[in-house]
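Open the model in your viewer and keep the sequence panel in view. This tour goes from selection to selection.

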Amino acid sequence: MDDGSRWAAVLERSLTWVTAHDGARLVGFVNVAWDGGAHAFLLDTTVRPDWQRRGVGTRLVREAIRAARAHAEVEWLHVDFEAHLTAFYVACGFTGTSAGLLRL
């Protein structure tokens, strides 16, 4: 069980984050990390399995985009995703690009 204590270090380096709740229960989350300059990064887009396919993920990502746009210094919002999520992120407004990845 995640008690949330490990998130403090992550969130202190974030531009913002967006959550979705059903009452007090967390059902979705997305983090917007930031390099302190022109680039922000969409990370950890997550929706509980029993809440998927209801538009929660789309709303989280769109709210994250809106929040990133509110910071004039941020020019780019990046997201990395697996191939099966391409349609989701394209529907949210992202364009596919070539990128490199190195597992450490």
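**Stop one: the largest pocket**

The lining of the largest pocket divides into 17 nonpolar, 8 polar and 5 charged residues. This is a predicted model.

Now select L77, H78, V79, D80 and F94. Of the 30 residues that line the largest pocket, these lie nearest its centre. The pocket's volume is about 970 Å³.

Which elements supply at least two residues each to this lining? Select β3 (39-47), α2 (56-69), β4 (76-79) and α3 (86-91). Of the lining, β3 gives the most, with 5 residues.

**Stop two: S14**

Go to strand β1, residues 14-22, and pick S14. Is S14 buried or exposed? Its relative accessible area is 14%, under the 20% cut-off, so S14 counts as buried.

Show side chains here. The side chain of S14 makes a polar contact with the side chain of N31, at 2.5 Å. Neighbours within four places in sequence aside, S14 is in contact with N31, V32 and A33.

**Stop three: confidence**

The chain has a mean of 91, and 96% of its residues reach 70 or more. Where is confidence lowest in the chain, and where is it highest? Select helix α1, residues 7-11: confidence is lowest there, at a mean of 72. Then select α2, where confidence is highest, at 97. Where pLDDT is low, predicted coordinates should not be read in detail.

Key
Residues are numbered from 1 along each chain as its sequence is written. This is a predicted model: local features need pLDDT of at least 70, side-chain atom pairs count only at pLDDT 80 or more; totals for chains, interfaces and linings use all residues. Side-chain values use heavy atoms; hydrogens and water are left out. On a 1 Å grid over the protein atoms alone, a cavity is a set of points where a 1.4 Å probe fits but cannot get out, and a pocket is an open set with protein on both sides within 12 Å along at least five of seven lines; lining residues have an atom within 4 Å of a point. Grid points are joined across faces, edges and corners, and a volume is the space filled by probe spheres set on the points. Helices (H or I, at least four residues) and strands (E, at least two) are DSSP runs, numbered from the N terminus. Ala, Val, Leu, Ile, Met, Phe, Trp, Tyr, Cys and Pro count as nonpolar, Asp, Glu, Lys and Arg as charged, and the others, Gly among them, as polar. Buried means under 20% relative accessible area, exposed over 50%, partly exposed in between (1.4 Å probe, protein chains only). A polar contact is a pair of N or O atoms within 3.5 Å; within protein, one must be able to donate a hydrogen and the other to accept it, and residues adjacent in sequence count only if both atoms are side-chain atoms. Contact means heavy atoms within 4.5 Å. pLDDT is the predictor's confidence in each residue, from 0 to 100.
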